[in-house]
Amino acid sequence: MADTLADRWHSIQRDVEVACLDVGRSPAEVTTIVVTKFHPAELVRELYELGVRNVGENRHQEASAKSAELSDLDVTWHFVGQLQSNKARAVAAYCDVIHSVDRTSLVDALAKYEGNVDVFLEVNLTDVPGRGGVEPEDLVKLAEHVLAAGNLRLRGIMAVAPQDEEPARAFERVVSYQAGVQAIAPAATDLSLGMSGDFREAIAAGATHLRIGTAITGKRPPAT
Ligand SMILES: *Cc1c(COP(=O)(O)O)cnc(C)c1O
């Protein structure tokens, strides 16, 4: 068992590479985002020194403080958590990519941001509405809304595999939703899928962005 941050990062990089090669994909197509939520800014700095350039956070207050403290680092910040509309503009100001766009009111709020933002549409794969994520049948309508906003660059679809379904099957469903979105947004080719426990399945399904936390950072400190 790898036990330092460097060991874990290198080990996951190797695992990602092997998983890509196993399914005939180039590792260069896959971006590993290290999810550092609950961890101090210092950990992000250590990761940066190891070569990490993509960092994920899920809470505005924490992410905002960390990105400010680390403004000297050339890091791409990814917001992966549920996002309240009244915080959308603030998040857009320091995050480069928002993975959790799941409703039109949030799109409207982001449209008021004076710059451009990359976004993923989060689709809900559970049977529980309101779990985070747009319902699959509303995905294309939401994509249309994003395109109409003008300042949002639609990258693709994001999802979290439900706990009670095989990740491979859940990710297949996400892939099946891609055609509908790409019919109106041909550039929306990215897939943000896969966490510590299911990144291999995500790579097999075609993920371009992995969101990996604990397998790299170790156990998260308790929420504050
Ligand atoms: C925390 C989180 C992750 C990372 O989860 P791990 O199981 O620690 O790898 C990925 N995606 C989202 C949306 C998260 O909130």
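Modeller: Helices are DSSP runs of H or I with at least four residues, strands are runs of E with at least two, and both are numbered from the N terminus. In this predicted model, local features need pLDDT of at least 70, side-chain atom pairs count only at pLDDT 80 or more, and totals for chains, interfaces and linings use all residues. Residues are numbered from 1 along each chain as its sequence is written, and side-chain values use heavy atoms, without hydrogens and water.

Biologist: Okay, let's start with Phe38. What is its phi, about how many degrees?

Modeller: Find Phe38 in the loop between β1 (31–35) and α2. Most residues other than glycine have a negative phi. Phe38 isn't a glycine, yet its phi is positive, at about 75 degrees.

Biologist: And does Phe38 count as buried, exposed or partly exposed?

Modeller: The cut-offs are under 20% relative accessible area for buried and over 50% for exposed, with partly exposed in between (1.4 Å probe, protein chains only). Phe38 has a relative accessible area of 25%, so the label is partly exposed.

Biologist: How far apart are the C-alpha atoms of Glu49 and Glu62?

Modeller: Glu62 is buried, with a relative accessible area of 14%, whereas Glu49 is exposed. Along the chain the pair is 13 residues apart, and their C-alpha atoms are separated by 21 Å.

Biologist: Which residue does Arg59 form a salt bridge with?

Modeller: A salt bridge here is a side-chain nitrogen of Lys or Arg within 4 Å of a carboxyl oxygen of Asp or Glu, and the count comes to 14. Arg59 is partly exposed at 27% relative accessibility. Its closest N and O atoms in the bridge are 2.7 Å apart, and the partner is Glu62.

Biologist: Are Lys66 and Glu57 buried or exposed?

Modeller: Their side chains meet in a salt bridge, 2.7 Å from N to O. As for their accessibility, both Lys66 and Glu57 are buried.

Biologist: What is the N to O distance in the salt bridge of Glu165 and Arg173?

Modeller: Glu165 is buried, with a relative accessible area of 15%, whereas Arg173 is partly exposed at 27%. Their side chains meet in a salt bridge with an N to O distance of 2.6 Å.

Biologist: Which residues do salt bridges that share partners join into one network?

Modeller: Two of the bridges we went through belong here: Lys66 with Glu57, and Arg59 with Glu62. Through shared partners, the network joins Glu57, Arg59, Glu62 and Lys66.

Biologist: What is Gln178 in contact with, leaving aside neighbours within four places in sequence?

Modeller: Gln178 sits in helix α7 (residues 167–184) and counts as buried because its relative accessibility is 14%. Contact means heavy atoms within 4.5 Å. With the sequence neighbours set aside, the list for Gln178 is Ile157, Thr189, Asp190 and Leu191.

Biologist: Which residues does Gly218 touch, not counting those up to four places away in sequence?

Modeller: Gly218 lies in the segment after α9 (214–217) and is buried, with a relative accessible area of 15%. Thr36 is 182 residues away in sequence, with a C-alpha to C-alpha distance of 9.8 Å. The residues Gly218 touches are Arg8 and His39.

Biologist: And how far apart in space are Val23 and Arg200, C-alpha to C-alpha?

Modeller: Val23 is in the loop between α1 (5–22) and β1, partly exposed at 41% relative accessibility. Beyond four places in sequence, Val23 is in contact with Ile203 and Ala204. Arg200 is 177 residues from Val23 in sequence, and the C-alpha to C-alpha distance is 9.8 Å.
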